[in-house]
Amino acid sequence: MHDRITTPKPLVGDLPELKCQGRDLRIDACRGIALWWIFLDHIPNNIGSWLTLRNYGFCDAAEVFMFISGVTCALAYGNAWRCEGWTGVISRTLRRSWDIYVAFLLLTVACAVLVHLAGGGRLADESNTRVLLEHPGAALAHALILQYRPLNTDVLPVFVLLHLLFAPLLWLLLRAPNVTLGASLLLYALVHVFGWSVPGWPNSHWAFNPLAWQLLVVLGAWWMIEGEGVRPWVTSRTVVLAVLYLLFSMVIALSSRIKVLEALIPQALEPLFYPLDKSNLHPLRLLHFLAIAVLAAWFVPRNWRGLMTPVMRGAIRCGQNSLPIFCLGVLLAFASHVALLDISGGLAMQIALSLGGIVAMIAIATLLNLISIKPKPQSQCDRER
């Protein structure tokens, strides 16, 4: 009998956030804001990056984006499991992986075209596209197997792999969530002990080592599946510890730019904080993100009125179209970099490019929402995606 007509028996957690509460706009808003921050951070020497997390602590928007991806995967594929069984989950994960894979390849070609139109030179080296321009056959062949990635596109191959593996991950999380999270933590620890990674080209470096960054995706999915079981951890005492850690990390991050703060940091401790390995998700970066997550869970309720403000509505639209808006942000960052190099690197230009890029992202996201065509009748699974 086809598993579409049977309703799977609820397992651990039962994804309580999905029960007739509608779409959680906080998730879309967080993802949209993370997309804005990623765009601002991708523009070198941009004053707009002072509006992001990067300068005020150990982590940046990448951690937020990865965690939210785990949350949304648990929601979307959890609904697919209820409505369509494991056949639906597998088909959806494969389809989403394919969408991201195609977007990555198109973005790779688009980046090379932009760099070529800009004259190559310094930009080709900084964007890791010189090898693609000089050896297109070899570079595209390695891009097809996710080993070659231009600058700022590294996160997409990670998502291709994680979506491919999410069906078995969901199966494990629904049956033994804590054990699954423990296994993810163990893999993360082994990466730091033995330096495990995935082969890359033309060198073995991954800006986001999938073996390490999988932890945030698993953690986001675990957070949703455990539901009420997670909330007791977010206590007033935990919030106080989170605030103290955020203040500590802000002092460390700003000390490299503010001499008064630099004097507060003993030189013997500096090797502990510089550099913080982003590729393998340094533990201090992970703790910084978790502190932010605790504060967000404590202070931002589901019915927060701020979600209805124009700025948050713009973020929500971007978050609802995360894949095309991420790709747009990468291209806008490339174009902004060219403008800063060839036209003007002044403060006014930096502000104009930063604001203009975010407005463009909101406008395109709004247009995508207007022209999107959804099948009718629409299932509960689709409404939650």
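These legends describe close-up views of a predicted model of one protein chain.

View 1. Of its 385 residues, 48% are buried. The chain exposes about 18800 Å², and carbon and sulfur atoms supply 69% of that area. Among contacts with a separation of 6 or more, 78% join residues 24 or more positions apart.

**View 2. The largest nonpolar core holds 94 residues.** Six of them touch the most other members: M66, L156, F166, W213, L216 and F326. Helix α2, residues 61-117, gives the most to this core, with 23 residues. In soluble globular proteins, nonpolar side chains tend to be buried together.

**View 3. M66 and its contacts beyond its sequence neighbours.** Neighbours within four places in sequence are left aside here.

**View 4. A second core is separate.** This core has 14 residues. Its members include Y245, I252, F273 and A291.

**View 5. Helix α2 packs against helix α6.** Two packed helices are described by the angle between their axes and the distance between the axes. Helix α6 covers residues 155-164. The angle between α2 and α6 is about 155°, and their axes lie 6 Å apart. That angle is over 145°, so α2 is roughly antiparallel to α6. The crossing of α2 and α6 is left-handed.

Methods
Residues are numbered from 1 along each chain as its sequence is written. This is a predicted model: local features need pLDDT of at least 70, side-chain atom pairs count only at pLDDT 80 or more; totals for chains, interfaces and linings use all residues. Side-chain values use heavy atoms; hydrogens and water are left out. Buried means under 20% relative accessible area, exposed over 50%, partly exposed in between (1.4 Å probe, protein chains only). Contact means heavy atoms within 4.5 Å. Accessible areas come from the Shrake-Rupley method with a 1.4 Å probe; for residues, only the protein chains shown count as cover. A nonpolar core is a set of buried Ala, Val, Leu, Ile, Met, Phe, Trp, Tyr and Cys residues joined through side-chain atoms within 4.5 Å. Helices (H or I, at least four residues) and strands (E, at least two) are DSSP runs, numbered from the N terminus. Axes are lines fitted to C-alpha atoms, for helices over the stretch in contact, and angles run from 0 to 180 degrees between N-to-C directions. Angles under 35 degrees count as roughly parallel, over 145 as roughly antiparallel, 65 to 115 as roughly perpendicular and the rest as oblique. A crossing is left-handed if the near helix is turned anticlockwise from the far one by less than a right angle, and right-handed if clockwise.
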